[in-house]
Amino acid sequence: MQALRNMFRPWSSDARLDGKTVIITGANTGIGKETAIDLAKRGARVIMACRDTEKADAALKEVKDASGNQDVVTSRLDLADSKSIKEFAENINKEEKQVNILINNAGVMVCPYGKTADGFEMQVGVNHMGHFLLTYLLLDLIKRSTPARIINVSSMAHQWGTINLEDINSEKNYDKQKAYSQSKLANILFTRSLAKNLEGSGVTAYALHPGVVQTELWRHLNKSQQAAMWLAKPFTKTSVQGAQTSIYCAVAPELETESGKYYSDCTPAKCSQAAMDDEVAQRLWELSCKMLSITWE
């Protein structure tokens, strides 16, 4: 029963973020928007990084109204296009004095086969490669903003994933569920490698499972899957409930000395064996750098 209570209970803390700057990708909807509202209420400057500017503008008004904080802005970011990621990062590096919290929240889920502007399979491209590149491009500024945190929103779906280093873009065989699970496993492996890379820098990294949340991500499920989710609705979370672990990882003072771990329901959680494979994590890191044409030692 305690676990069930934790699952739906909002995480409660009066911790403030005055004078801090937060970037949240995919902040115009679902848990990203609820995370933006909560962190804005705590006094942070919030940058909502969104692909759809029209939706972002509507969400911006909502976040400002709900939080009472006017220091909230939107900036266009398409994680399926490295050109857009570079433009966004260049703008942030030029305009912002600091970035204390980066929440890599945006994602696509079980979509039909498609490719990003850079030729990556859409799910691994947006969920992993896009956020990998974004983090790399903002890292110097984040390091100058310590103590700072990087949060990667993963999923329990990582448990069914494997990293296919020989065919990361699923060109030989595409299964949308497997591709989604692979991308969410990549989020955790990236977090582990990132934490090691940042040891002693004052920047910490966290991965999390938000819960099974009623969001727009369900739109690509087939009819029988949607029916199953509808039946499971009493056991799924609202966006507010789904945002709690992101908020916890961004704010909880006790996590300042933790890094590289995986969380669910605002508490450390067990991830799969594959998610603890440091050798695969390193190979994925090297492959990601190669495919994105970056050098990140």
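Author: The structure, a predicted model, holds 2 cavities of 30 Å³ or more.

Reader: What is the volume of the largest cavity?
Author: The lining of this cavity includes Leu79, Ala80, Asp81 and Ser82, and also Leu292. By class, 6 nonpolar, 4 polar and 2 charged residues form the lining. The volume of the largest cavity is about 50 Å³.

Reader: Which element gives the largest share of the lining of the largest cavity?
Author: Gly125, Met129 and Gly130 are among the lining residues. H4 and H5 are the elements that give two or more residues to this lining. The largest share, 3 residues, comes from H5.

Reader: What is the volume of the second largest cavity?
Author: Around this cavity lie Asn104, Ala106, Asn127, His131, Asn152, Val153, Lys184, Asn187 and Phe190. Their classes are 3 nonpolar, 5 polar and 1 charged. The second largest cavity has a volume of about 40 Å³.

Reader: Which element supplies the largest share of the lining of the second largest cavity?
Author: At least two lining residues come from each of H5, strand E5 (148–153) and helix H6 (176–197). Lys184, Asn187 and Phe190 belong to the lining, and their numbers fall within the range of H6. The largest share, 3 residues, is that of H6.

Reader: Which residues lie nearest the centre of the second largest pocket?
Author: This pocket has a volume of about 230 Å³, and its lining divides into 8 nonpolar, 3 polar and 4 charged residues. E5 and H8 each contribute at least two residues to the lining. Of the 15 lining residues, those nearest the centre are Lys20, Pro147, Arg149, Ala250 and Glu256.

Reader: Why are H4 and H5 described as roughly parallel, and at what angle do they cross?
Author: The axes of helix H4 (residues 82–95) and helix H5 (residues 122–143) come within 10 Å. Angles under 35 degrees count as roughly parallel, and H4 and H5 are therefore placed in that class. Their axes cross at roughly 20°.

Reader: What is the handedness of the crossing of H4 and H5, and how many nonpolar residues does the contact have?
Author: The crossing of H4 and H5 is right-handed. On the H4 side the contact is made by Ser82, Ile85, Lys86, Phe88, Ala89, Ile92 and Asn93, and on the H5 side by Gly130, Leu133, Leu134, Leu137, Leu138 and Leu141. Besides 3 polar residues and 1 charged residue, the contact of H4 with H5 has nonpolar residues numbering 9.

Reader: How are H2 and H8 oriented to each other?
Author: Helix H2 (residues 30–41) and helix H8 (residues 239–251) have axes that come within 8 Å and cross at roughly 55°. H2 passes H8 in a right-handed crossing. The two helices are therefore oblique.

Reader: How many charged residues are in the contact of H2 with H8?
Author: H2 brings Gly30, Ile31, Glu34, Thr35, Asp38 and Leu39 to meet Ser239, Val240, Gly242, Ala243, Ser246, Ile247, Ala250 and Val251 of H8. By class, this contact has 7 nonpolar and 5 polar residues, and the charged ones number 2.

Definitions and conventions:
Residues numbered from 1 in each chain as written. Predicted model: local features only at pLDDT ≥ 70, side-chain atom pairs only at ≥ 80, totals over all residues. Heavy atoms only, no water. Axes fitted to C-alpha atoms, helices over the stretch in contact; angles between N-to-C directions. Helix = DSSP H or I, 4+ residues; strand = E, 2+ residues; numbered from the N terminus. Parallel < 35°, antiparallel > 145°, perpendicular 65-115°, else oblique. Left-handed = near helix turned anticlockwise from the far one by under 90°. Contact = heavy atoms within 4.5 Å. Nonpolar A, V, L, I, M, F, W, Y, C, P; charged D, E, K, R; others polar. 1 Å grid on protein atoms, 1.4 Å probe; cavity = no way out; pocket = protein on both sides within 12 Å on 5 of 7 lines; lining within 4 Å. Points joined across faces, edges and corners; volume = space filled by probe spheres on them.
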